[in-house]
Amino acid sequence: MKKTEMAVEGKPKPNPKPVLWVATPQHLIAIDMSKLKINHYESPKFEVLPLPLFNMLNLAEKDFPFGMSCFVRDSKLYMVGGEKPKLGASPLLLPRQPRKAGHDKLFGDRGLSPYVYVLDLTGLDSTTDLDLRKHHTSMLAAKPIPIVEEIEGKIYVLSGTPWQAECLLPVPTFEVYDPSIEQWKPLPEPPFHEQRLPRSQIYKVIYHSVVGTTIYVLALSDRDCSDYYYSYNVNEGNWKLVGKSVDKLPVPYPFTPLCVGKFVPAYNDIFIYIQFDRVYAAMIPSNDKSSPTRYQHLDEVDGDLLNRDVPSIRGVVVDLGEHEMCIMQPGITDSEHDKLGPCCSILYITTFKVEKLLHSSSSAQARGLKLLKTADASDVSQASSHHDNDVQDIRAPFLSITLLSKGFYDLDAWGPEAPHICSAFFHQLH
């Protein structure tokens with residue numbers, strides 16, 4: 001063994017620990033990815049395993065805000081915004097009906113948090129200590145349920161819709177943080193967050209997406225119950241109303257707020273995304289704009305979820321580096337699952353490797369048969385043939401998918417919290 005591979009004491013360095021960090025409104029969770037495996041499901045009554053955790057932090061119990069969002073930069077986890085419930089708020093009431101729990105009016109701005117908290121991820125003990133500390137900078141205004149995105153090295157934070165209804169949000173509702181100078185700067189108020197008079201139209205921020213330097217937001221109006229799509233380009237610095245239909249957005253459908261996804265790190269033209277409860281890959285033409293976007297339904301990835309008809313909530317896509325990706329889809333069990341009981345939260349996690357097929361594909365591939373490989377030699381299940389009416393698969397597949405893990409996990413540790421994921425990301429501890 002080389003000397004560079006030895007620790008100071010002369011012992012080998014410990015193996016890296018793959019950690020999947022998940023932030024929910026009430027918890028920060030560190031999942032041990034090394035214990036995820038391929039599980040086989042052959043009947044509607046399937047086994048649901050305990051979620052393998054390094055550790056979990058109950059934010060509300062430790063006096064942190066409820067509903068923070070997070071981002072990662074320079075091996076540090078930052079959590080921002082949220083709402084502070086009243087001291088002694090019921091642990092049963094808070095996760096299911098947070099608006100009835102009430103705000104701690106002495107915290108932040110009327111119980112809304114402008115604060116930033118940071119967790120150092122560089123040490124091997126970061127998953128055991130979960131030492132979340134207040135950062136020395138704060139936002140210019142509180143942000144409930146914020147949208148957080150990093151664009152060209154700067155952090156953009158937009159107020160979401162508070163759990164507890166308030167007439168007016170603290171201003172600015174939209175601001176940017178420049179890490180190079182550690183300063184926050186206010187940005188133009190979005191039309192759906194402008195200060196309103198009584199009986200004016202109120203919007204609820206539903207979803208968002210980022211394409212290049214443009215943020216797209218889907219907001220629901222309470223007046224006509226219609227969807228409105230807005231855009232903000234960070235270079236132009238102004239908000240625009242795009243329209244009431246997703247078709248008005250000047251981007252491919254997978255990049256709209258109705259989908260959630262990530263590019264595969266090894267490829268700049270392969271985008272893995274979730275549309276409702278189905279998982280797709282899109283091959284985006286990079287040079288020839290006249291070429292159509294190609295789609296492939298990854299039934300190897302979502303087949304178990306679809307076959308068991310688990311009511312699901314908006315999931316997340318996480319890139320694990322190079323060719324590997326992860327899908328996390330929260331859901332709620334029905335009364336058939338006697339072990340967990342009705343309406344219990346579960347989490348479907350799949351990790352997989354993505355590789356492009358060679359142009360010189362076999363005749364079987366040319367006929368449109370999807371390839372299914374698994375990391376487990378005993379898993380020889382056949383790819384199913386689900387098709388979505390809204391997204392048409394190109395006949396010949398362009399990707400090969402190798403399953404690394406798949407399984408349903410119970411969220412008992414979450415308590416009664418609804419299975420909502422605010423943010424998720426992968427980090428390797430060395």
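Let me start with a term: a residue is buried under 20% relative accessible area, exposed over 50%, and partly exposed in between, with a 1.4 Å probe and protein chains only. By that rule K35 is exposed, with a relative accessible area of 56%. Its salt-bridge partner is D32, and the closest N and O atoms are 4.0 Å apart. A salt bridge here is a side-chain nitrogen of Lys or Arg within 4 Å of a carboxyl oxygen of Asp or Glu. D32 is buried, at 6%.

Now, what are we looking at? This is a predicted model: local features need pLDDT of at least 70, side-chain atom pairs count only at pLDDT 80 or more, and totals for chains, interfaces and linings use all residues. Residues are numbered from 1 along each chain as its sequence is written, and side-chain values use heavy atoms, with hydrogens and water left out.

Confidence next. pLDDT is the predictor's confidence in each residue, from 0 to 100. The protein chain averages 79, and 73% of the residues score at least 70. Residues 1-8 are below 50, and beyond near neighbours in sequence that stretch has 9 contacts in the model. A contact means heavy atoms within 4.5 Å. Residues 360-393 also stay under 50. For that stretch the model has 72 contacts beyond four places in sequence.

On to the sheets. Strands (E, at least two residues) and helices (H or I, at least four) are DSSP runs, numbered from the N terminus. Two strands pair if DSSP finds at least two bridges between them.

β5 is joined to β6, residues 76-80, by 5 bridges. V72 stands opposite L77 in β6.

Stay with β5 and β6, and look at the loop between them. D74 sits there. Its phi is near 50 degrees, a positive value in a residue other than glycine. Most residues other than glycine have a negative phi, and most peptide bonds are trans. Is D74 buried or exposed? D74 is exposed, with a relative accessible area of 63%.

E152 is another case, with a positive phi of about 50 degrees although it is not a glycine. It lies in the loop between β9, residues 147-151, and β10. E152 is exposed too, at 60%.

Then the peptide bonds. V171 and P172 are joined by a cis bond, with omega about 5 degrees. P172 is in the loop between β10, residues 154-158, and β11, residues 174-178.

Back to salt bridges. How many does the structure hold? It holds 8 salt bridges. One of them pairs R73 with E150, the closest N and O atoms being 2.7 Å apart. R73 lies in β5 and E150 in β9, so the pair ties together parts that are 77 residues apart in sequence. R73 is partly exposed, at 24%. E150 is partly exposed, at 37%.

K143 and E175 form a salt bridge as well, at 2.3 Å between the closest N and O atoms. K143 is in the loop between β8 and β9, and E175 is in β11, so this pair ties together parts 32 residues apart in sequence. Both residues, K143 and E175, are buried.

Last stop: D304, in helix α3, residues 299-307. At 9% relative accessibility, D304 counts as buried. Which side chain does the D304 side chain make a polar contact with? The partner is K406, at 2.8 Å. A polar contact is a pair of N or O atoms within 3.5 Å; within protein, one must be able to donate a hydrogen and the other to accept it, and residues adjacent in sequence count only if both atoms are side-chain atoms. Not counting residues up to four places away in sequence, D304 touches Y41, Y348, K406 and F408.
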